[in-house]
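Please read them alongside the sequence and the coordinates.

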Amino acid sequence: MGKISLPKDALQRVRIGKAFAEYDIIRKDPFLFVTTPATISSLSPDGANCFFVGRRGAGKTAITYEVERRFNRTIHVVPQIFDLLQLPLENKEFNDTRQRPFKSLMHSMERALVGEVVKEWTRKGIFDFEKGYDSLRRERGLIEDCDFDQRVLNLTEEIFEAYNTENEKLWLRQIKRSKEIIKEANRVSDGGGCDYIILIDRLDESWDGSDSAIICLMALMHAAVRLVATTSFVRPYIFIRENIYDRIRSVDNEFSRLETSVVFLDWTEAKLTELIERRLVFPFNTKPKLGGEAWQYFFEEKDGHSSVASVMNLCQHRPRDVVMLTSYAIDSAISHGHLKIKESDLYSAAKRYSTSRLKDLGDEYAENYPNISIVLEYFYGLGSEFTFNAIQDFIQKLLVDEKIKRYCKDWFFNYSAPVRFVELLYGIGFLGIKRNEAVHYKDSSKDGNAKPAFENASIFVIHPTYREALNLRDVLLSDLKDYQDLKNEGILEELPESFQLDEYKMTLEDVLRSLKNLPLGIDGAKEFEKIVGDVVKLCFFRSLTNVQSHERTIDGTSIRDWIASNRASDGFWEVIRNKYGATQVVWECKNYEELGADDFHQIQYYLSDTAGRFAVLVFRGEIKGSYFRHVSQIANRNKAGLVLLLNQKDLEVFLRQAIKGVFKEAHIQDRYDMTIRKIS
């Protein structure tokens with residue numbers, strides 16, 4: 001077949017999509033999905049792997065969408081339990097996974113997962129509690145009336161009450177109950193058509209990164225492995241960030257039970273090229289071939305060489321990075337009137353991309369290393385390569401820096417030895433090690449989790465991704481003795497207007513403290529309204545601006561607690577603006593635990609074509625299933641728009657993330673996704 005002719009405005013017709021799968025066009029068309037070893041494992045009916053491990057942007061969420069598309073029998077769980085569950089014993093009591101404290105927690109997780117499947121069976125009419133299954137019938141209240149998180153809370157309370165009172169018979173009865181429930185559920189599934197996949201995703205978004213959270217996740221992972229081995233009706237898939245997986249591996253004394261069920265989300269250059277090519281050719285009826293040919297239709301070659309290598313060298317073998325960089329390059333090409341993406345467009349895109357990725361790297365690892373972005377930003381204006389002596393000098397300057405002492409004290413001094421410091425920066429993908437003129441960066445694989453090999457004569461290289469953002473010079477620094485002070489003035493620290501870093505952190509901590517101590521009811525209503533306004537201003541300032549309180553409508557009939565201008569250029573709030581016309585976002589505050597019909601009637605009045613059809617209702621209690629009936633009536637029956645429910649726990653998540661230097665929208669995205677699923 002001859003060469004295909006694409007229209008001159010081909011680049012303008014391309015919809016490259018969003019770098020974040022939550023908002024991406026991949027949700028709408030299976031043609032855009034790229035098969036990798038991890039996806040093959042997830043889609044295999046006989047697959048034994050149940051842990052999918054990768055860094056942010058490696059494609060974990062995209063796999064959940066594909067599994068849901070390919071399998072009718074899926075259950076999606078976004079657990080909040082890691083932040084809610086207070087362990088009844090000291091953390092050290094759970095260190096040995098073979099002892100009763102850990103077993104108790106694991107069996108609670110096991111029963112909670114089985115309960116999710118049985119609950120779905122009853123909803124689909126597959127199972128009836130009245131048909132002679134005694135153990136399942138005794139579990140009926142926990143199954144029907146509770147979601148996964150509530151079920152875990154109730155089960156752990158029950159089993160640890162028996163353990164702490166040394167009631168051996170009651171404790172054994174609880175352990176046996178788990179086995180009996182699984183046995184009966186296996187009998188129910190013997191006829192076929194009852195097997196389900198439980199997708200457990202974004203489990204780290206609502207936790208505090210504590211040791212107790214890691215213990216709870218370990219228990220969930222061990223429960224998942226046991227269920228795969230002992231049941232015929234459930235396969236739990238748990239999607240885990242790589243840095244969290246590394247923490248579990250370091251503390252689990254029976255980690256060998258888990259690692260045989262792990263698949264890493266690895267991407268080759270060929271698969272990443274295919275990912276972009278599929279998006280480039282998607283709008284056209286006649287499509288160039290994938291595998292390199294399609295790339296050449298959209299990227300200009302230089303001296304007969306493809307630009308694939310240039311793109312991949314800047315990225316870190318993650319689909320999110322490649323989509324983001326390509327998107328920026330297309331924007332540059334269109335703005336300059338280019339018919340193809342030129343080298344100059346890639347250079348322009350690299351500068352914008354680098355800044356975004358540096359911020360994202362700090363966000364990604366703030367859970368493990370709070371405010372690590374401060375350390376990374378101190379590389380500003382230095383060289384791209386360092387000797388071991390230069391690394392030592394750099395560390396010495398950080399040791400006497402006041403910001404480091406104040407905001408990184410919880411972890412930095414444990415990594416102040418040069419070897420430990422290099423291992424840390426190598427492990428997060430910031431530094432590479434030059435060997436025989438080739439630079440080796442960390443890979444997302446089992447081998448990649450090993451500690452890097454280097455010596456005093458080694459050269460350490462900052463990854464090209466971050467060089468533009470840090471304004472690095474292309475030089476090798478043998479020492480830093482000529483640098484009196486480290487600088488980060490080229491980095492625009494993203495803080496709300498008029499705030500300095502110290503004041504910002506202190507304000508966040510004060511707001512969190514006030515929220516936890518605030519009384520319910522009228523006495524605390526004004527203060528709660530102020531707290532919600534502070535959360536909007538301090539945690540969503542990148543997207544929501546011009547936040548005003550008590551904005552009276554023109555006829556004087558209603559007063560909105562807070563209204564904010566939605567000026568997001570990407571991410572969750574951009575989607576909300578485009579989908580609901582929400583140029584203004586109303587935040588209604590209720591300082592009580594129970595919502596009534598009047599609360600929903602009131603907030604519906606604020607939804608309009610002028611300001612937008614999206615509003616947030618914030619209150620202090622638990623989000624009940626009955627509330628979604630009101631939300632559904634507003635959205636589906638009245639066609640007025642969408643009301644998003646948030647509670648005190650959500651506000652605490654936003655504040656804790658900001659305190660740690662994390663600015664991400666995944667938690668509010670989860671709340672939105674849950675709402676859409678409940679009312680659809």
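**Notes on the predicted model**

1. T387 is buried, its relative accessible area being 15%, where buried means under 20% relative accessible area, exposed over 50% and partly exposed in between (1.4 Å probe, protein chains only). The residue belongs to strand β6; helices (H or I, at least four residues) and strands (E, at least two) are DSSP runs, numbered from the N terminus. Leaving aside residues up to four places away in sequence, T387 touches S458, I459, F460, L476, L477, S478 and D479, with contact taken as heavy atoms within 4.5 Å.

2. On provenance, this is a predicted model, in which local features need pLDDT of at least 70 and side-chain atom pairs count only at pLDDT 80 or more, while totals for chains, interfaces and linings use all residues. Residues are numbered from 1 along each chain as its sequence is written, and side-chain values use heavy atoms, with hydrogens and water left out.

3. Strand β6 is part of an open sheet of five strands in the order β8-β7-β9-β6-β10, with mixed pairing; two strands pair if DSSP finds at least two bridges between them. Because β8 (438–440) and β10 (473–477) each have a single partner strand, they stand at the edges, and one side of each is left without a neighbour in the sheet. From one strand to the next the twist averages 30°, angles here running from 0 to 180 degrees between N-to-C directions, with axes as lines fitted to C-alpha atoms, for helices over the stretch in contact.

4. Within that sheet, strand β6 (residues 383–387) pairs with β10 in the parallel sense over three bridges, and E385 has L476 of β10 as its bridge partner. Helix α19 (residues 388–399) packs on the sheet and touches β6, β7 (431–435), β9 (459–462) and β10, its direction making about 100° with that of β6. Helix α21 (residues 418–427) also packs on the sheet, where it touches β7, β8 and β9, and its direction makes about 105° with that of β7.

5. Another open sheet of five strands has the order β2-β3-β4-β1-β5, with parallel pairing. Its edges are formed by β2 (74–77) and β5, each with a single partner strand, so one side of each is left without a neighbour in the sheet. Neighbouring strands of this sheet are turned by 20° against each other on average, direction ignored.

6. In the parallel sheet, five bridges join strand β3 (residues 196–200) to β4, the two running parallel, and L199 is paired with Y237 of β4. Helix α3 (residues 60–70) lies across β1, β2, β3 and β4, running at about 160° to β4, whereas α5 lies across β2, β3 and β4 at about 125° to β3.

7. Which helix packs with α5 (residues 100–124) at an angle of about 145°? The partner is helix α8 (residues 148–164), and the two axes are 9 Å apart. The contact includes L105, M109 and A112 of α5, together with V152, L155 and I159 of α8. By class it has eleven nonpolar, four polar and five charged residues, where Ala, Val, Leu, Ile, Met, Phe, Trp, Tyr, Cys and Pro count as nonpolar, Asp, Glu, Lys and Arg as charged, and the others, Gly among them, as polar.

8. In helix α11 (residues 242–251), the residues E242, N243, I244, Y245 and I248 are buried. The buried residues of α11 pack against several elements, including β1 (51–54), α10 (211–230), β4 (234–241) and α17 (343–365).

9. Two backbone values deserve a look. Most residues other than glycine have a negative phi. E166, however, has a positive phi near 55°; E166 is found in the loop between α8 and α9 (168–188) and is exposed, with a relative accessible area of 65%. K639 likewise has a positive phi near 55°, is found in the loop between α27 (625–637) and β15 (642–646), and is exposed at 61%.

10. How many disulfides does the model contain? With a disulfide taken as a pair of cysteine sulfur atoms within 2.5 Å, the count comes to zero. C408 is in no disulfide, as the nearest cysteine sulfur, that of C539, is 19 Å away. C408 is buried, with a relative accessible area of 0%, and C315 also counts as buried, at 2%.
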